[in-house]
Amino acid sequence: MNRRKLSQNAAFSLFWAAGIMSVLIMAVVVGYVLVKGLPGISFDFFTTSPRGGLSGEGGIYSTIVTTFYLVVVTLAFAIPPGVGAAVYFSEYSGSTVGSLTGKLVNLARFGVDTLAGVPSIVFGLFGYAVFVTAMNLGFSILSASMAGACLIIPVIIRTTEDALESVPSGYREGSLALGANRWETTWKVVLPAAFRGISTGILLSAGRIVSETAIFFVTLGGSYRVPHSLMSGGRTMALHVYYLAMETRAFDRAMSTAAVLVGLVVVMNLGINTITGRITGKQR
Amino acid sequence: MNKLETEAKGMSTRNYSLFYGGFKALNRISIQIPSNRITAFIGPSGCGKSSFLRSFNRMNDLIPGVTTEGEVCIDGRNVADEDVVQLRKKVGMVFQRPNPFPKSVFENVAYGPKLHGVKNRSDLAVVVEKSLKRAALWDEVKDDLHKSGMSLSGGQQQRLCIARAIAVEPEVILMDEPASALDPVATLKIEELMNELKANYTIAIVTHNMQQAARVSDYTAFMLTDENRAGNLIEFGTTKQIFTTPSDTRTEDYITGRFG
């Protein structure tokens, strides 16, 4: 066996070990949460609300409801400007190269990239200062969803822009050459072709809302009651995990809630895989 | 139809130059392309054939920084003065790579007519069938018009794109190397189709393939870059004349394969 073959084998083993390692880490974390958490999960766990207090008694019903509301309202705030901005960047801003508008577009792009890297607690503080306090919306789903929208809009813009840019330019040319204008081309050809990529980005953003805690700690409050309007406060499942672990004696329930969260994340990722799997299945 | 009428109805340019920013890509091209004939544009890569072809339906407008001088006329009217939607309805285009939309065969062909106001489902069905028949694709797809256009073979996709173009009833079809991504059999089909289509349409085709130009076209234009890399029209005439008795030595050199 010569040196080249040896180095090839060494490299291969290292990469193999790295791959096994990453799978192992994930398996241990998820396995630990599931082993500790699953025994505490029952039908009642999903259908009763937390009772509050130091004991941490009760289920997670209200936190599921709050999480669901928050995701829906946040997406409602974030999708129109997020997708809209991406459409502008990808489909319309090309003709502005070199002009003042073009410079503003570059500035906006830079802003989006920067925002995507800002820690979520910063958006939380912003939300607390502006929505909760200055606008007097209090700890509420409304405040939290607007802060959450600020957090995920950059993500939606970037994933949507990627999805739009992966649409072959031949589709656009074909449509324009038939006498369609830019909007007709975008609406009837480009957006449908990018639909799966865009939905993937939106699902990822929804996952972000499900899993973030810090930003909602300072905008949503921590009420364990079932929210009855946009002005209600609440706690998401992820926040509930935090509260249970840090402020009650019910660490086992924190683990159970975490297990449910893990399950939810797995389901969402399966959803994403189905979507992207269809891309490769259909368009190739 | 006498010769003069033919010319007035066709496409023409006069002293037409095109610039990408400060770079001159086409240099003062004047040509009269006869109606209901196939005109081939040949020349080495980068000589501006495609840019020139795209001037007739103003596809170059989409590229930032493009400016033009001179005139491009269709039926005696300057394309710069026309509404671009109406212009592109009148001047269809088929691209180098087949580019059907990721929609059904039916929706691909119906796309143009829908844009231009045909709403009624049965009217659309009539247009789709007629266009697919004219593009010699009907027999191959009639049993399943709802399968994706992307699932067809390359040659079928290109004929689908031709059907899509003729569904809006253009007068002119521009073809930008329509067979360069296809195998010889599919290429032959496209060429046969072009021969049938010229009864109803004026066809301008850009091709790298001189044999193809010789086979399908009635007229041939030879383009070449000058010392500043700007595309010039060197010679234009009947295909027979260009290929047998070219008057310019550069044409002769290119035709006989001395460069290119």
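This is a predicted model: local features need pLDDT of at least 70, side-chain atom pairs count only at pLDDT 80 or more; totals for chains, interfaces and linings use all residues.
**Entry 1: two helices in chain A**

I started where H5(A) meets H6(A): A:Ser120, A:Phe123, A:Gly124, A:Phe126, A:Gly127, A:Phe131 and A:Val132 from H5(A) are in contact with A:Ser143, A:Met146, A:Ala147, A:Cys150 and A:Leu151 from H6(A). Sorted by class, this contact has eight nonpolar residues, four polar ones and no charged ones.

Next I looked up how the pair is arranged. Two packed helices are described by the angle between their axes and the distance between the axes. Helix H5 of chain A covers residues 120-134 and helix H6 of chain A covers residues 141-165. They pack at an angle of about 140°, and their axes are 9 Å apart. Angles over 145 degrees would count as roughly antiparallel, so I put H5(A) and H6(A) down as oblique to each other. I also noted the hand of the crossing of H5(A) and H6(A), which is right-handed.

**Entry 2: another pair in chain A**

I then turned to helix H3 (residues 61-92) and helix H8 (residues 182-211) of chain A. Their axes come within 9 Å and cross at roughly 140°. That makes H3(A) oblique to H8(A). H3(A) passes H8(A) in a right-handed crossing, too.

I listed who meets whom here. What classes of residue make up the contact of H3(A) with H8(A)? I got 14 nonpolar, four polar and two charged residues.

**Entry 3: chain A as a whole**

I stepped back to see what these helices belong to. Chain A has eleven helices and zero strands, so read along the sequence its pattern is α repeated, α-α-α-α-α-α-α-α-α-α-α. Its C-alpha atoms fill a box of roughly 70 × 65 × 30 Å along the principal axes. Of the 284 residues of chain A, 38% count as buried. I checked the contacts in chain A between residues at least 6 apart in sequence, and 73% of them join residues at least 24 apart.

**Entry 4: A:Met255**

I picked one residue of chain A to follow up. A:Met255 lies in helix H11 (residues 251-283) of chain A. Is A:Met255 buried or exposed? I found 22 other C-beta atoms within 10 Å of A:Met255, and the cut-off for buried is 20 or more, so A:Met255 is buried. Leaving out residues up to four places away in sequence, I see A:Met255 touching A:Val33, A:Lys36, A:Gly37 and A:Gly40. I also looked up A:Ser99, which is 156 residues from A:Met255 along the chain; the C-alpha atoms of the two are separated by 55 Å.

**Entry 5: on to chain B**

Chain B gave me another list of elements: eleven helices and ten strands. The radius of gyration of chain B is 18 Å, close to the 18 Å that the globule rule gives for 260 residues, so I wrote chain B down as being as compact as a globular protein of that length. Its C-alpha trace spans about 55 × 40 × 40 Å along the principal axes. I have 47% of the 260 residues of chain B counting as buried. For contacts in chain B between residues at least 6 apart in sequence, 68% join residues at least 24 apart.

**Entry 6: two loop residues in chain B**

I looked at phi for B:Asp75 and found about 50°, a positive value although the residue is not a glycine. B:Asp75 is in the loop between strand E4 (66-74) and strand E5 (77-78) of chain B. With 13 C-beta neighbours inside 10 Å, B:Asp75 counts as partly exposed.

B:Arg229 is also not a glycine, and its phi is positive, near 65°. I placed B:Arg229 in the loop between strand E9 (219-225) and strand E10 (231-238) of chain B. B:Arg229 has 13 C-beta neighbours inside 10 Å, so it counts as partly exposed.

**Entry 7: where the chains meet**

How many residues of chain B are in contact with chain A? I count 21 residues of chain B in contact with 18 residues of chain A. Helix H3 (84-90), helix H4 (105-115) and helix H7 (154-166) of chain B each supply at least two residues of the side that touches chain A. By class, that side of chain B has 13 nonpolar, four polar and four charged residues.

How values were computed
Residues are numbered from 1 along each chain as its sequence is written. Chains are lettered from A and ligands numbered from 1 in the order in which they are written. Two residues are in contact if their C-beta atoms, placed from the backbone, lie within 7 Å. Helices (H or I, at least four residues) and strands (E, at least two) are DSSP runs, numbered from the N terminus. Ala, Val, Leu, Ile, Met, Phe, Trp, Tyr, Cys and Pro count as nonpolar, Asp, Glu, Lys and Arg as charged, and the others, Gly among them, as polar. Axes are lines fitted to C-alpha atoms, for helices over the stretch in contact, and angles run from 0 to 180 degrees between N-to-C directions. Angles under 35 degrees count as roughly parallel, over 145 as roughly antiparallel, 65 to 115 as roughly perpendicular and the rest as oblique. A crossing is left-handed if the near helix is turned anticlockwise from the far one by less than a right angle, and right-handed if clockwise. The radius of gyration is taken over C-alpha atoms; the globule rule is 2.2 Å times the number of residues to the power 0.38. A residue is buried if 20 or more other C-beta atoms lie within 10 Å of its own, exposed if 12 or fewer, and partly exposed in between; C-beta atoms are placed from the backbone.
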